[in-house]
Amino acid sequence: MSNEPTDTEPTHDEFTPDPDEVEYPSTLRITSLPAEQAQRAAIERAERWEQGEEVPHVVNFEDRARLRRLLTDKRMELLEAVMEQPPGSIRALADRLGRDVHDVHDDLHLLAEYDIIHFEEDGRAKKPYVPYDTVRIEVEFGLPRGEGSESPASA
């Protein structure tokens, strides 16, 4: 009897839907919250989603330093440029921004690892795009407050 599996392993492409098949919410929130708070927020979003509400996608960084390392000024400029006018290719975006194509490629792929930037295959070209209307970056910190107290900003 052979030890080789009889079924073939599914490929990544079989699990990855085409960009046109995915419905993205209008907003991506990039947050920096402690794990416990981020988990509570995720449960709340899941409950709202189950009730039929549109909820944002969230990418959370427990460590603000990691968030700052990811969202450098250059990467924020890339993100904004892709959202304002999606380029036909990585090279076209690099040319538009006056940046080295390899640096732009690396920055876009790093942002893609966090599902902030997505790519559409167009022949040999990869077209970066952002499937959200809004990207909101939230970093929350402050003094602990008692239950029911509101900050002046939320009043």
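Tutor: Arg69 belongs to helix α3, which covers residues 64-70. The model under discussion is a predicted one.

Student: Why is Arg69 called exposed?

Tutor: The term exposed requires over 50% relative accessible area. Arg69 has 54% relative accessibility, and therefore counts as exposed.

Student: What makes the surface patch that includes Arg69 positive?

Tutor: The patch is formed by Arg64, Arg66, Arg68 and Arg69.

Student: Why is Ile137 called partly exposed?

Tutor: Ile137 is placed in strand β5, residues 134-139. Partly exposed lies between the limits of under 20% for buried and over 50% for exposed. At 36% relative accessibility, Ile137 therefore counts as partly exposed.

Student: Which residues form a nonpolar patch with Ile137 on the surface?

Tutor: Met76 and Val139 form the patch with Ile137, and together the three have about 210 Å² of accessible area.

Student: Which residues of helix α5 are buried?

Tutor: In α5, residues 90-97, the buried residues are Ile90, Leu93 and Ala94.

Student: How do you know that the buried residues line one face of α5?

Tutor: Viewed down the axis of the helix, the buried residues of α5 fall within an arc of 100°, so they line one face. On the other side of α5, Arg91 and Asp95 are exposed.

Student: How many helices and strands does the chain have, and what share of its residues is buried?

Tutor: The chain has 6 helices and 5 strands. Of its 155 residues, 28% count as buried.

Definitions and conventions: Residues are numbered from 1 along each chain as its sequence is written. This is a predicted model: local features need pLDDT of at least 70, side-chain atom pairs count only at pLDDT 80 or more; totals for chains, interfaces and linings use all residues. Side-chain values use heavy atoms; hydrogens and water are left out. Patches are made of residues with over 30% relative accessible area and no salt bridge: like charges are joined within 9 Å, nonpolar side chains (Val, Leu, Ile, Met, Phe, Trp, Tyr) within 5 Å. Accessible areas come from the Shrake-Rupley method with a 1.4 Å probe; for residues, only the protein chains shown count as cover. A salt bridge is a side-chain nitrogen of Lys or Arg within 4 Å of a carboxyl oxygen of Asp or Glu. Lys and Arg count as positive and Asp and Glu as negative; His and the chain ends are not counted. The place of a charge is taken as NZ of Lys, CZ of Arg, CG of Asp or CD of Glu. Helices (H or I, at least four residues) and strands (E, at least two) are DSSP runs, numbered from the N terminus. Buried means under 20% relative accessible area, exposed over 50%, partly exposed in between (1.4 Å probe, protein chains only). The arc is that of the directions from the helix axis to the C-beta atoms.
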